[in-house]
Amino acid sequence: MKNFVITREQLANLASKLLGENWTVISPSQNGSKYLKIKDAKDLIIDSALKPTDISMKEHFFPKSETLFFFKRKKDDYELIDAPGSEAKTVIFGAKPCDASAIPVLSKVFNWDYKDEFFNKRVENTVIIGLACKFEDENCFCTSVGLSPLAENGSDIFLIPLSDDKYFMKPITDKGRDFIAANETFISEADNISEPINDFSTPQKRFSTENVKEWLDKNFESKFWFNAGETCIGCAQCAYVCPTCHCFDIVDEDCYSCGRRVKNWDSCQFELFTKHASGHNPREIQGKRYRQRVSHKFKYYKDRFDELLCTGCGRCTRGCPVSIDIGLILEDINSHFLETINVNN
Amino acid sequence: MNIYKPELVEIKDIIVETPDIKTFRLQFKDPQLQNNFTFKAGQFAEYSVFGEGECTFCIASSPTRLEFLECSFKMYGKVTNALNRLKVGDTMGLRGPYGNYFPVEEMKGKNVVFIAGGIGLAPVRCAIWNVFDMRSEFKDVTIIYGARTVADLVYKHEIEEWKSMKDVKTIITVDPGGETSDWKGEIGFVPTIVEKVAPQSDNSVAIICGPPIMIKYTLPVMLKLGFKEENILTTLENRMKCGLGKCGRCNIGSVYVCKDGPVFSYLQLKELPEDF
Amino acid sequence: MKQLIEISKELLESRKAGYIIGYTEDKFHRTKPFIAHTTNDAEKLTFNQKAVHNLAVYLTRLPKPKEGKIGIVAKGCDIKAIIGLIQENQIKRDDIIIIGMNCNGVVKDINIDYNKENSQMKCSICELRTPKHANYIVGALEDFAKSELTKNILAEFEALSAEERWKFWEKEFEKCIKCYACRQACPLCYCEQCIVEKSMPQWIDSSPTTKGNFAWNIIRAFHLSGRCIGCNECERACPVNIPLSLLNRKMGMVAMKEFNYRHGIEPDQPTLIGNYNTSDKEDFIM
Amino acid sequence: MEEEKFEPKITAFVCNWCTYTGADLAGTSRLKQQTNARLIRVPCTGRIDPVFIIKAFEKGADGVLVSGCHPGDCHYNTGNFHARRRWIFFKQLLDFVGIDSTRLYFSWVSASEGKKWVDVVNNVINSVRAKGPFLGYKNLNKETELPLVNKN
C-alpha cells in the first residue's frame, strides 16, 4: 500500500480546485457551530484540536428538513413530482472521527429493508476526509463506545497530523483511493514515511458498553429511569445535535395549487412523538422518554443492527440546558451492573 | 426509487358507517398497478391527503377481493378530518402494503375465533372475508363483535350477512347503556361476552382487535378458556409515520411495529417491553 | 451551603415540603438541577455561581408532591419567574416554599468556572441579588467580577436599517432546527398545547425552513411580550446560538416604555397582557 | 415591466359587528372602492391572533389591514382594548425583525362608517401599491416552492 502526505497548503489548493470544478466543499465552521459549505478555500479549517461543532455532521446526509416530493393539483387529479436531488459531488474536510463513524451506523437503519435513496445518494456523492482528533474534555467518551481519536470508520480518507503543517494521508475506501488518484497533483507520495504511532492522549474508558447493555436487558422497569429523567425538560436538543439520532416526522405543506411532503427531524423526547389519536400515550412521562433514548442507543440498536447508536462525541451533554450528562448516566448504569454481579457472587 | 412517494388512488365509493367512521373504496389510477396489487390479511397502508399529511390504517378489505381496496377510518385528527371531507371521485395517495399479516394459511384446518371492538373490526373484517372466501378449509368460525352503542357498530350490513350464514356463529354486543329499545343482540362488554360464549379453544386460533383496554381484559379470558398463547393474535396500533422501519416512531424496544408487526401473538407481546 | 442543607432537611423531614427543587454538583464540578426527595438527597444540595438554570421551569412540569408543598431553591431570576407564574395564576404562593439565595452572579458556560468573560450581562444590571418574597434567605452577598456593559447591543441593533435587520434575522433564523429547546427551557412557557403543535389548521409550519422559523421565533417572542423575566435561559439552551434574548429584551423595553411595567416583581400586580387600559396609546390606528 | 403590473394583495381582518357591517354598508350604498382587499371576517378584533397576520404575509399578502369597533363600542365590551394592547407589542416586534410594519394597518370603522371604510381601504391599497411588492416573505417562499423548471 502506498503512503501519502499532504501539507496544509496543498489541502487548501485541493479545496480551491474542487470548488472550481463545482464540488460542494464542507469543513467545520470558523465559529465552531457546524459543518459548513465553504465558498473560498481560505475558510477551510483543518484543526485536530477543534472542539466538536455544536451540531453534528449528519445534516449533510440527513438534513433537518428534506422535500420528499412536490404535488400539484390539477382539477380533480394530482401530479407528483420528485424533488430535484442534489447531484453535486461533495467533499468534507476535517470530519471528526466521532462524526464520520456515525455515517455507517446510520446507513444500517436507512438500508435494512427499504432503502432510503435520499440518504444513500448523499453518501454515494460524498468523500469524507476524516481527521485524527486531539480534543478532549470531560464530555467525550469515544473510547468507551469502541471508537478512538484515530477511528477511521466512515472516513474515505483519514488524515493524521505529522506536524503543524503536514498530514499523513491514509486512503480507507475505494472511493478514497479514487479521490486520491484523481487529485494526485496535490498529494505527495511518501513511502519513506510510515503511519505515525499514536501519540494522542486517549480519553480514559469510562464504562463498558457490554455491562451497560446487560443491565439494560434486565432493567426496563427500574426506578433508575425516573430519577435519571426527572430533571429532563424534554427539549430534545440532545437528539437534534446528535450524530446518530435519526427519528423523523413526515408532514405536508400546502400552498393551494402545489405543495410538498417534507421529512423533518423529530425526537423521542417529545411528548407528542408517540401519542395516539385516541389520546393514549405509551411514553407519557419524561422518565420513559429518557429511558427510550438511552435504551435505543445502547440496547435496541445493538440488538437490531449490531451497532451502538452513539459515537461518544459528548454533544448532548455539552448542550443540555439542565446539564444532564449521558456519560455519567452510563457510568452509573455500569456501576449498578457491577453491583448486581457482586451481589450475585 | 423514492420509497416515500405514494401511488395515486381514486375514491370509487364512500360508505358512512357511523357518524364519525367512513369506509372508502379505492382503486389505483394506474390500471396496471390495480391489476398487480396484492396484499395479505392484516397488512396496513399509508393513506395520504395531499396538503394535509399521511395516516396509517389497516387494509379492511379481503385479499381475495381485489377489485377494490377498502379502508375504514374514524375522524380524530388533521388527516382523518381531511379524509372525511373527500368525495367520491377525488384522488388521494396510498403507499403499501406494509407489515406482516395474519397466518391465514396456517390457520387452515382449525377453528377460528374473531373478536373485535369498535373500529377494531376493520383488520378483523379483512381476515373474516379472507376465511369466508375459503370457508371449506376452516372448521368452526365464531365472530364476537362489540361497540359502545348500537350506532357505533361498523359494517352493519355485513354483520347481517354474517348472522344469516349457517356455518358461522355471530355474536354482536353493545356496552351496557348503549342499546336501543329494539336491540336484539347481547348487552355487555366484550370480555364478558367472550367468557359467556366460551368458544372452543382446542385446535383454535383467535384474532383479537380493539381498543387497548378491551384487549387487556380479553386476554386473560382467552387464557382461561384454554387458548394457547401463540394462537392468540392481535394487531398493535402504534403511532407510525413512515411504515418503512425508518422513522423510529413505532419502536417497542428493538421491534419495529411497522415491519415486525402489526400482527403479534400474545406469546410475542409478552416478550416485549411494556412500552405500547 | 450548610444552611441550605439544614433548611432543606428540616423541610423534608417535617414533610412541610414533598420535595425540594435545587441544585447539586456532579463529579466534574458542574452544577445541575436536582430534585431532593429525602433528607439524604438534601445533603447533596448546593448553590454557587454555576447555578445558572432557572428552576422555576420545574414548577409547571413536575407532578405535585403527594404530601407537603414544593420547596424551591431560588436566586433572583428564579424568583422573578415564580412571581410571574403566580401573577398568571399558574401556581399559588401558598403551595411553594421559597429558599431564596443571595446571588453573586452566574456563569454563561457551565463547563468553565466563573470569571469576568464567562459571566452574564443580566448579572451586571441585576436588582434582585437578594431575593424578595422568599421564605428563607441563604448565603452572603459578595463582590463579583461583572461583565462590562461596554456597549448597548440593543440600541446598536435598532440603529440598523429595516433591511439590515431583516438580513440579520434571516441569517440567524435560517440556523434554527426547531428543537424547541427555547420553549422547554423557559419557565414562562407552560401551555399544555403549544401553538406549534396545533395542526388544525397548522398555524406555524413545523418544517425548520427559514419561513417556518421566522413564524415560530416571532410568535415565541410575541407570546413572551410583557411576560419575559429576562433569565436568558432560552438563549443558553439554543443549540445553534440564536440571540433570542435580543428579541425578548426588545419586548421588555416596549413594556417598560409604553406601560412602565416589568413582569415578575409583585405577585399582586395584574399582568400586562390579559389586562387593558382605556387610555392605552393608539396613535398607530387610522 | 413587472412593477407596472403590480397590484397589491391586501388581507383585511375585520370584526363581524362593526367593520364588516360598515363594509357591507359601503356596498349597499354603492360606494366605489378598489378591489385589492380580501376580507376575512372574525368575531372580534380580540380574536385576531398575530399568527394570522404572519400567515397572511407568508401566503403572499403585500399588506394587512386589521379593523374593528371603536374603543368602547366592542360587542364583547373589551375585545378591542385587549387587541389594541397586543398590537402595540406586535407592531414593534415586526419592526425589530425588519418586517416593514408600515405594511400593517389598523383602523376603527363602525357599522355606520361605510364612507370611512372606503377611504381606509383605498388609502391602504394606494400606499401599499406605492411601496411595491413585499419581497421579504416572498423570497423566503422560494426555499419551499416547486422548482421553476417544473412549474409550467
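The points below go through the chain contacts, sheets and helices of this predicted model.

1. Chain contacts overall. Five pairs of chains are in contact, and of these chains C and D share the most contacts. Chains B and D are not joined by any contact. The closest C-alpha atoms of chain B and chain D lie 13 Å apart.

2. The C–D contact. Chain D brings 33 residues to the contact, and chain C brings 33 residues. On the side of chain D that touches chain C, the elements giving two or more residues are helix H3 (50-58), helix H4 (79-96), strand S4 (104-108) and helix H6 (135-141) of chain D. H4(D) gives the most to this side, with 12 residues. By class, the side of chain D that touches chain C holds 17 nonpolar, eight polar and eight charged residues.

3. The A–D contact. Here seven residues of chain A meet four residues of chain D. On the side of chain A that touches chain D, S4 and strand S12 (258-265) of chain A supply at least two residues each. The residues of that side of chain A comprise four nonpolar and three charged, with no polar ones.

4. The sheet of chain D. Four strands make up an open sheet, ordered S2-S1-S3-S4 (chain D), with parallel pairing. Strand S2 (37-42) and S4 of chain D are at the edges with a single partner strand each, so one side of each has no neighbour in the sheet. On average, neighbouring strands of this sheet are turned by 20° against each other, direction ignored. Strand S3 (residues 63-68) of chain D runs parallel to S4(D), and five bridges join the two. Val64(D) is placed opposite Leu104(D) in S4(D).

5. A helix on that sheet. Helix H5 (residues 114-131) of chain D packs on the sheet and touches strand S1 (10-15), S2, S3 and S4 of chain D. The direction of H5(D) makes about 160° with that of S3(D).

6. Seven strands form an open sheet of mixed pairing, in the order S10-S9-S8-S7-S11-S12-S15 (chain B). Strand S10 (186-187) and strand S15 (263-265) of chain B are the edge strands, each pairing on one side only. Val174(B) is found opposite Ile187(B) in S10(B).

7. Strand S7(B). Which strand is largely enclosed by the rest of the structure? Strand S7 (residues 111-117) of chain B is, because six of its seven residues are buried. S7(B) pairs with strand S11 (residues 204-209) of chain B over six bridges, in the parallel sense. In S11(B), Cys209(B) is the bridge partner of Ala116(B). S7(B) also runs parallel to strand S8 (residues 141-147) of chain B, to which six bridges join it. In S8(B), Ile143(B) is the bridge partner of Phe114(B).

8. Helices against the sheet of chain B. Together, S7(B), helix H4 (residues 121-132) of chain B and S8(B) make a β-α-β unit that is right-handed. Helix H6 (residues 190-197) of chain B lies across S7, S8, S9 and S10 of chain B and runs at about 155° to S8(B).

9. Helix H2(B). In helix H2 (residues 78-85) of chain B, the buried residues are Val79(B), Thr80(B), Ala82(B) and Leu83(B). These residues are on the same side of H2(B), because they cover an arc of only 160° around the axis. Among what covers the buried residues of H2(B) are strand S3 (44-49), strand S4 (53-58) and strand S5 (69-74) of chain B.

10. Helix H4(A). Phe118(A), Phe119(A), Arg122(A) and Val123(A) are buried in helix H4 (residues 117-125) of chain A. Why are they on the same side of H4(A)? The arc they cover around the axis is only 130°, which puts them there. The cover over the buried residues of H4(A) includes strand S4 (65-74), helix H3 (102-111) and strand S7 (126-131) of chain A.

How values were computed. Residues are numbered from 1 along each chain as its sequence is written. Chains are lettered from A and ligands numbered from 1 in the order in which they are written. This is a predicted model: local features need pLDDT of at least 70, side-chain atom pairs count only at pLDDT 80 or more; totals for chains, interfaces and linings use all residues. A residue is buried if 20 or more other C-beta atoms lie within 10 Å of its own, exposed if 12 or fewer, and partly exposed in between; C-beta atoms are placed from the backbone. The arc is that of the directions from the helix axis to the C-beta atoms. Two residues are in contact if their C-beta atoms, placed from the backbone, lie within 7 Å. Ala, Val, Leu, Ile, Met, Phe, Trp, Tyr, Cys and Pro count as nonpolar, Asp, Glu, Lys and Arg as charged, and the others, Gly among them, as polar. Two strands pair if DSSP finds at least two bridges between them. A crossover is right-handed if, with the strands pointing away from the viewer, the path from the first strand over the helix to the second runs clockwise. Axes are lines fitted to C-alpha atoms, for helices over the stretch in contact, and angles run from 0 to 180 degrees between N-to-C directions.
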